[in-house]
Amino acid sequence: MRRLAARGAAGDVGEVAAPAADSTDCAQGRSRRPPRLIDLCAIWDPGVFLPAAGWKRASGTARRRLNEAETLSSVREAQVERLEAARPCRPGSRERGPVLRMARQQPPPWVHTAVLLCLLSLTGAIEIPMDLSQPPTITKQSVKDHIVDPRDNILIECEAKGNPAPSFHWTRNSRFFNIAKDPRVSMRRRSGTLVIDFRSGGRPEEYEGEYQCFARNKFGTALSNRIRLQVSKSPLWPKENLDPVVVQEGAPLTLQCNPPPGLPSPVIFWMSSSMEPITQDKRVSQGHNGDLYFSNVMLQDMQTDYSCNARFHFTHTIQQKNAFTLKVLTNNPYNDSSLRNHPDMYSARGVAERTPSFMYPQGTASSQMVLRGMDLLLECIASGVPTPDIAWYKKGGDLPSDKAKFENFNKALRITNVSEEDSGEYFCLASNKMGSIRHTISVRVKAAPYWLDEPKNLILAPGEDGRLVCRANGNPKPTVQWMVNGEPLQSAPPNPNREVAGDTIIFRDTQISSRAVYQCNTSNEHGYLLANAFVSVLDVPPRMLSPRNQLIRVILYNRTRLDCPFFGSPIPTLRWFKNGQGSNLDGGNYHVYENGSLEIKMIRKEDQGIYTCVATNILGKAENQVRLEVKDPTRIYRMPEDQVAKRGTTVQLECRVKHDPSLKLTVSWLKDDEPLYIGNRMKKEDDSLTIFGVAERDQGSYTCVASTELDQDLAKAYLTVLGRPDRPRDLELTDLAERSVRLTWIPGDDNNSPITDYVVQFEEDQFQPGVWHDHSKFPGSVNSAILQLSPYVNYQFRVIAINEVGSSHPSLPSERYRTSGAPPESNPADVRGEGTRKNNMEITWTPMNATSAFGPNLRYIVKWRRRETRETWNNVTVWGSRYVVGQTPVYVPYEIRVQAENDFGKGPEPDTVIGYSGEDLPSAPRRFRVRQPNLETINLEWDHPEHPNGILIGYTLKYVAFNGTKLGKQIVENFSPNQTKFTVQRADPVSRYRFTLSARTQVGSGEAVTEESPAPPNEAYTNNQADIATQGWFIGLMCAIALLVLILLIVCFIKRSRGGKYPVREKKDVPLGPEDPKEEDGSFDYSDEDNKPLQGSQTSLDGTIKQQESDDSLVDYGEGGEGQFNEDGSFIGQYTVKKDKEETEGNESSEATSPVNAIYSLA
């Protein structure tokens, strides 16, 4: 069981202003020196805050930061003392020290809401609130060497801030760049960034040069770096014809790349012309210059060609050089593969052994210069037989272990982030069994300028003193040049309050007019540095820069720091109070830093409360409050324990936690210090982790992380899984015989489960290269076995170990061993003859593998002839696994033989196999008979085709019911080749059926035969009944009858509308009203004499007469009986007069709507 603890609290970090680095009260004659500024963030490791660990457990980095801070503070005190002694003391003067900037760091996720304030930089730039007047400050700019893609628009960045907002202009090659005169060039709004647009044409190369940005407002001018603009180039490889490179086996060889000069330089790599990567090792490798070096050439190097490729970064293109081909002259052109991994491969191949010699660099000594901060790359490539080993040393000392690493199979030594102490003499030693040789490289470290003291913005109150310091180092020593607002200081207007002393500008009794931006340019032959620092003279009362009334939560017993960032000019003094009462907090458990931070060395419960910080200067005061809450720490009180589990079992790891109830707890797990993915085999609960079906990949360390917003606790356990064995190693072949060899290996770790078996596999490189086959199996107690071998196989072996858990990974392959050849002892199996077309026969077989070929140039003698004939055998030699015999009769049997043969002889006499030529469509089935024993079923019978032309695979029957011209849905039935009968169930007793039958082979369906079922006895009558409606005379008769009915209706309508008498009833018992006109004969007079509407009608709104109820209908004419058709299709019917209804029907009259009523209404 292992336990790790990490508890943290972190807080918001802002920018704060520190009190003056030094204050001198000349009137009282004493100097008040502030305490040293030191970084007490010793318990903040990179990215992880560990407050519970304390100073004793702080990392080396944290302790080193504290020591550097103390040293820097001491140096600054000494500088202040020297400057104080060099100038007179005037009443009221004060020296302005550096204003510290708190750098904001992102805490880990588990502490992101807590507040811990650490001073990570003591020399940060001054920050003035943006609502105050201030000179420009460059905030963003392009890199000094700006390489652009020619396919894109050019963007040169320059952004600045200031109040008022600055304006921008540019110079190109030290001359004013007039943007307005070039339509392609524009400047982004509220920015100085240049955009050069090529969408409308133009050459990017025309804009190459050195650019510099100027940001200006009324308080000064800030400058960007001098930006060198270059357009990326990817020139084409020159065309060349390369002759084959002829080299003796064992000799060294260099294939030169010589890539086209690109900008930036391309990435070089070697591949074959078929884009296969070139395998590199200590014998064959690529140098830093892109050339390909062979320490000694082997015959196997001829198996591929070699092409140098250059990948260009900006254009994302790859250019390929014409490939080199090698021709290796050798004394032993045979048996190469069997000796490739032989320990004495060179002597076995007759290659003379040689002492090493250097291919790069040439000679015994060379020199190299490198710039400070860059990487130093030393390279030694040697030739020799056997291939030499390379070792590196430094004269008079050891290699820097923390920065040195070996590359390219120890042929290169890289030292990162070079410093002056890395200069000296290095030597590489190349050695093999024939001897050794060394090469000495003298390394000189130069340096472009680097900052020792970069100038910082200077904020002064009127009448105050200050200084700007620009101190840099380099090799050679850099020169320092001062400028003000972009102009050399020598040509600037004189300022009696300013004094230049080398790398320092001293300001005395500054006034508002002293505001400006100063530039320090320090340079040597290797580069330059340019820094802007403004001098701002302000009268500003104190102000607080952080949000008011912050809530800060911290963990009990932690060490923390409360921040109170403020600003003012002159710099205010700051004091802290707790709960609004008591004296200033400083001393004991509290410590106040000059930047205003209050450190509480160990948080206790009683430290909870409200803390007030008060900033005061001569112009006023400001205050802010911070409420501090103290929380209980998170603790894991039941930790996971180490476990050993067998594969497939279930494991549970406990993790029970106690935490502050007001904080949200999150429990997560790490595996091998990486976040654990909870898959479907795992179950995570609040207090445990369960793993189901443990697998080998589950083995490792498991860490329970219990975290809240403020802290965390860790506990670790290790899970051991009984897994598969490690693979065997160091395979060796001994006792080499013509048909056997002894294989010996060293067993791997069994991973706590004994090895039960070993499986020996082999691979050969002729028939199936790269494919492994099982050879034999041996008990787990042995590590050596004799293997029986086949003739003419270039064997390579590997071994797999097996235990109860599973199989190991295969071992690395052994060296190769080729056996001698012999004639085949067997013939190919699975010989077949089948037709693919009606006039051919394809003979196929399973090709023999490498262990049955027994010799080179394996081929097959194929023989065939028609069966039961006296024909002679036809034969052909085939190298594949098939042969097609053409112009064969349809589906006849053949005798077939296939015999193996190699360069050593023929195999045994083969067996005879019967095959068949191709099939064709069969003829129609014979004697197709249709019988109908009753009205419900139809029986079908048939015989097999006379000429099947192949193997029948079945019959297809299609049939459809029909009745006159009407057809039913076609039905398809498929039968087996042995079926010759079928019964159809009739759907109705009237319809007949049409049947179509065909036989099928593999080729398809053959000729079909068609029959119909017999007609039933009443079919003629049924046909007449079914066909009468389609006869022309019948349709004409019906039209005539319809026309007569229409004419009759029109006549009736006309007669009634003219007022004629129309008898509507013969006898009716309903009395007439007195107003009704009545005739003696019982009929009404429908005259329009009195312009009255008809009785039983009503007048519509538009004055027309509208029929409301009909007194008669077509029913009146049809009560005599229903119309019907006779046998010859004529219509039988009569028109009858409507009779009186039965008395049971009352006085109701028929109101059925009729055509007469409809026409009458329209009238």
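**Questions of definition in a predicted model**

Me: Why is arginine 927 called exposed?
Reply: Its relative accessibility is 59%. A residue is buried under 20% relative accessible area, exposed over 50% and partly exposed in between, computed with a 1.4 Å probe on protein chains only.

Me: What makes the contact of aspartate 943 with arginine 927 a salt bridge?
Reply: The N to O distance between their side chains is 3.5 Å. The term asks for a side-chain nitrogen of Lys or Arg within 4 Å of a carboxyl oxygen of Asp or Glu, so this pair qualifies. The two residues are 16 apart and link distant parts of the chain, with aspartate 943 in strand S78 (residues 937-943) and arginine 927 in strand S77 (residues 926-931). Strands are DSSP runs of E with at least two residues, helices are runs of H or I with at least four, and both are numbered from the N terminus. Side chains of opposite charge can pair when their charged atoms come close.

Me: Is arginine 929 buried or exposed, and how do you know?
Reply: Arginine 929 has a relative accessible area of 18%, so it falls in the buried class.

Me: Why is aspartate 422 called buried?
Reply: Aspartate 422 has 3% relative accessibility, which means that it counts as buried. This residue lies in the loop between strand S31 (412-415) and strand S32 (424-432). Leaving aside neighbours within four places in sequence, aspartate 422 is in contact (heavy atoms within 4.5 Å) with residues including Lys394, Lys403 and Val443.

Me: What is the relative accessibility of glycine 384, and where does this residue lie?
Reply: Glycine 384 counts as buried because its relative accessibility is 0%. It lies in strand S28 (residues 381-385). Among the residues that glycine 384 touches, not counting those up to four places away, are Ser295, Arg354 and Asn432.

Me: What makes strand S42 (residues 527-537) count as largely enclosed?
Reply: 9 of its 11 residues are buried, so the rest of the structure largely encloses S42. Strands pair if DSSP finds at least two bridges between them. Strand S41 (residues 516-524) and S42 pair in the antiparallel sense over 9 bridges, and 2 residues lie between them in a hairpin. Strand S34 (residues 458-460) pairs with S42 in the parallel sense over 3 bridges, with leucine 460 opposite valine 537.

Me: Which strands pair with S50 (residues 609-617)?
Reply: Strand S47 (residues 573-578) pairs with S50 in the antiparallel sense over 6 bridges. Strand S51 (residues 620-631) also pairs with S50 in the antiparallel sense, over 9 bridges. In S50, 7 of 9 residues are buried.

Me: How do you know that the length of helix H6 (residues 1032-1057) agrees with its residue count?
Reply: The expected span is 1.5 Å times one less than the number of residues. For the 26 residues of H6 this comes to 38 Å, and the end C-alpha atoms are 38 Å apart, so the two agree. Phe1034, Leu1049, Cys1052, Phe1053 and Arg1056 of H6 are buried.

Me: Why does leucine 1046 count as partly exposed?
Reply: Its relative accessibility is 43%, which lies in the range between buried and exposed, so leucine 1046 is partly exposed. Leucine 1046 is found in H6.

Technical notes:
Residues numbered from 1 in each chain as written. Predicted model: local features only at pLDDT ≥ 70, side-chain atom pairs only at ≥ 80, totals over all residues. Heavy atoms only, no water.
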